[in-house]
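Student: I am new to this structure. Can you walk me through the terms used for it?

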Amino acid sequence: MKKVILSLVFVLATGVSFMNATVSNDEVLPITKEAIEVAEEFGCASNCVRTSKRQALEFTPDWSDDEKLVDNYMILYTICIEENC
């Protein structure tokens, strides 16, 4: 009987906590010029990541050599960031 009562208390407590955990979408973030500039910076960096990864895979003949692959990627990424961002 104790197990049944404890189980019911647990289910009730869990249910109440889930009902209180609601998400509020009422908060509106203002769009400012600064926010747009930050988004553009992330776009440039992600383009460099994608491009550098593709080029590193093309230029590294042995993909099992992790150190060489990462070195090539970092060189290409650094060049891309310096030239484009």
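**Terms and values**

Tutor: Start with the rings: a search of the whole structure finds one aromatic pair. Tyr-73 and Tyr-77 form that pair, and the pair is stacked. This is a predicted model: local features need pLDDT of at least 70, side-chain atom pairs count only at pLDDT 80 or more, and totals for chains, interfaces and linings use all residues. Residues are numbered from 1 along each chain as its sequence is written, and side-chain values use heavy atoms, with hydrogens and water left out.

Student: Why are Tyr-73 and Tyr-77 called a stacked pair?

Tutor: Rings of Phe, Tyr and Trp (its six-membered ring) pair if their centres lie within 6.5 Å; planes under 30 degrees apart count as stacked, over 60 as edge-to-face and the rest as tilted. Here the values are 5.9 Å centre to centre and 20° between the planes. So the pair is stacked.

Student: What separates Tyr-73 and Tyr-77 in helix H3?

Tutor: About one helical turn, because they are four residues apart in helix H3 (residues 66-84). Helices (H or I, at least four residues) and strands (E, at least two) are DSSP runs, numbered from the N terminus. The protein chain has three helices and zero strands.

Student: Why does Tyr-73 count as partly exposed?

Tutor: Buried means under 20% relative accessible area, exposed over 50%, partly exposed in between (1.4 Å probe, protein chains only). Tyr-73 has 23% relative accessibility, so it counts as partly exposed. Tyr-77, with 22%, is partly exposed too. Of the 85 residues of the protein chain, 11% count as buried.
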